[in-house]
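Dear colleague,

I am handing over the structure below, and my notes on what was found in it follow directly after. Please read them beside the coordinates.

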Amino acid sequence: MIIDHSNVILSVKNLTANVDETPILKGMNLEVKAGEIHAIMGPNGSGKSTFSKVLAGHPAYQVTGGEVIFQGQDLLALEPEERARSGIFLAFQYPLEIPGVSNLDFLRVAYNSKRKHQGLEEVDAFDFDELIREKLGIVKMDASFLSRSVNEGFSGGEKKRNEILQMALLEPKLAILDETDSGLDIDALRIVAGGVNQLSNPENAIVVITHYQRLLEYIVPDYIHVTANGRIIRTGGKELALELEERGYDWVLEAAATGVAS
Amino acid sequence: MTTTVTSLVNQPYKYGFVTDIESDVIPRGLSEDVVRLISSKKNEPEFMLEFRLKAYRQWLKMAEPNWAEVGYPAIDYQNIIYYSAPKQKEKLNSLEEVDPTLLETFEKLGISLSEQKRLSNVAVDAIFDSVSVATTFREKLAKDGVIFCSISEAMREYPELVQKYLGSVVPVGDNYFAALNSAVFSDGSFVYIPKGTKCPMELSTYFRINNGDSGQFERTLIVAEAGSSVSYLEGCTAPMFDTNQLHAAVVELVALDDAEIKYSTVQNWYAGDKDGKGGIYNFVTKRGLCQGVNSKISWTQVETGSAITWKYPSCVLVGDNSVGEFYSVALTNNCQQADTGTKMVHIGKNTRSTIISKGISAGRSENSYRGLVKIGPKADGARNYSQCDSMLIGDNAGANTFPYIQVQNHTAKVEHEASTSKIGEDQLFFFAQRGVSSEDAISMMISGFCKDVFNQLPMEFAVEADRLLSLKLEGSVG
């Protein structure tokens, strides 16, 4: 196996972005190496979700400055589907329902898009069926989910498990989980987190966006970043989450403000 | 999946050409003399002239309907040419005598009339402006007693059948456009399936408008005798003109005891340009009569063209246990307007009907479903199931549903379901984030949305319909 000499997967420098002319990201900096798990926490409206969507290339967000290098490539120059095919995966906070499109077809088309991008032959329906059945166990999903329309009539937990199934299938280099824990009961949370942990390996990296320390008991991060007002204002180890849980965000914000003032 | 979609969506309307051919055209305008002239040009029997005059006189007393959810400038009925026919020999003995320009035109449209290249299991009646130019496989069909010819020929060769059934389902004064059609219709197809016969091949009529100033008024009549069955498909295209052309057709179906008629339409008239200039006004009356017990009539339509569509293929379920079905995909883009749906009129006992309507609106178009389910007092045990789904593409299109339900029998069961979904930025981003291009995403979502209807089409046309929709949605998102 050839290992990238720098082993930096993602490098974000001074990234700024707008929604409808309103600046949301005001200078994000982040470096993620292979094998690492990062958590991004922060109050509502601090730019966490926007950051994930900007990385994935959502058309509603305009990048106004900064750079993002993903595996040595200028990520911002790529179309959203090219970013996905080259290894960026975003697990959505609110996965959409797509009536009429079977989950199985959807997964196969997504998988083959990536194969094609890698110059590999597309997998036919029979081989794919076998492949996907192996992956179902990772998120403890029943095969009956495959014949249903994408997310249609799925419970909140089933939708999130379906997201992780897609991650398992597409084997991204960088997976960004946007509040994957929201709306999950404890059993579903365990299944989802267990799935993510199985997929985590020394070659890939995971960025978890969350409000709560709860998820981080199951997916243990190497770093925790706190966002406020469109930037990361503090970075620490996993113990930072416990402190945030106990004391809230105010003290971090104050400390940051003092830091700027002094 | 569909790698061809990308190249397909970049094509303009490819049927928009005009054929240069000398035509026999009568002066503009409509009067009793014009009606007589059309009848005499066609050497019609006396009863036909009476039929036309009765219709014309009724039409004069009627007013153009204005209840549909569509808007257009007033039509000047005196500025339309009511008869236009490519000049050719009166009586054709074989295909070799058909003007090669006409054969070429149909070849270009993908409809091969020549002996070698025909679709092996589809018989075609090709109609150019007002007249039928060729009907294939007639001898082969005749062996089974199946009559498939232009309605003009039918009037001359089988006057008793025409007289018995023409206007029996859609009476001359049924509505404004049906009355107009009854007065001036110039040609169309006639199908007769004798008792106990299963028609050995698909029958199909291909309509082509060529003249920019003429209206197109065809008349189709299909009669299925007891125990017979037939599957019929119509297709249509027109050149691109800046002006609007009126197309007011009438289709009548009659199914006797245990007979089954399946009627499919893939409508691809010119829809006008992206600013709504030009295009066909498609004001059509289609109705099927399930006259016999256990008879069945099934309408499947894929409506993609026309500037305005006003069309309600209906079933009148008279025979006990008869079945009516309506499967529809109506797609509107740019400035197109569609007000379409069906009528299911339950008269006999234990009659059943199913309505599956899928409306797709993109651009600034307006798409309305309008449907009537009527259960008469004697229709014990009648059942209807209706499902009307709308899909909006982008933020500027409109969709409406107008279901009318009238039940006069307490044993009847009527169900209606409706849904609205959307293809927008978020849906496309979801697909893109999984590596799927917009073209493939739209194609998957549209195919999924239309699946229930496409499954009803004959195989080769289902593929065609699928491609046609992708083509029509060019640049409608993002």
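Chain A has 10 helices and 12 strands, where helices (H or I, at least four residues) and strands (E, at least two) are DSSP runs, numbered from the N terminus. This is a predicted model, in which local features need pLDDT of at least 70 and side-chain atom pairs count only at pLDDT 80 or more, while totals for chains, interfaces and linings use all residues. Residues are numbered from 1 along each chain as its sequence is written, chains are lettered from A and ligands numbered from 1 in the order in which they are written, and side-chain values use heavy atoms, with hydrogens and water left out.

On overall form, chain A has a radius of gyration of 19 Å, which agrees with the value near 18 Å that a compact globule of 262 residues would have; the radius is taken over C-alpha atoms, and the globule rule is 2.2 Å times the number of residues to the power 0.38. Along the principal axes, the C-alpha atoms of chain A fill a box of roughly 65 × 40 × 40 Å. Of the 262 residues of chain A, 51% count as buried, a term that means under 20% relative accessible area, with exposed meaning over 50% and partly exposed lying in between (1.4 Å probe, protein chains only). Among the contacts in chain A with a separation of 6 or more, 69% join residues 24 or more positions apart, contact meaning heavy atoms within 4.5 Å.

Turning to the interface, the contact takes 30 residues from chain A and 18 residues from chain B. The area buried between the two chains is about 2,100 Å², of which carbon and sulfur atoms give 69%; buried area is the accessible area (1.4 Å probe) that two parts lose on being put together, summed over both. In chain B, the residues that lose the most area to chain A are Phe429(B), Phe430(B) and Arg434(B), together 36% of what that side buries.

Ala134(B) lies in strand 4 (residues 131-135) of chain B and counts as buried because its relative accessibility is 6%; its C-alpha atom is separated by 25 Å from that of Val302(B), 168 residues apart along the chain. Gly45(A), in the loop between strand 3 (37-41) and helix 1 (48-56) of chain A, is exposed, with a relative accessible area of 76%, and 29 Å separates its C-alpha atom from that of Leu165(A), 120 residues apart along the chain.

With best regards
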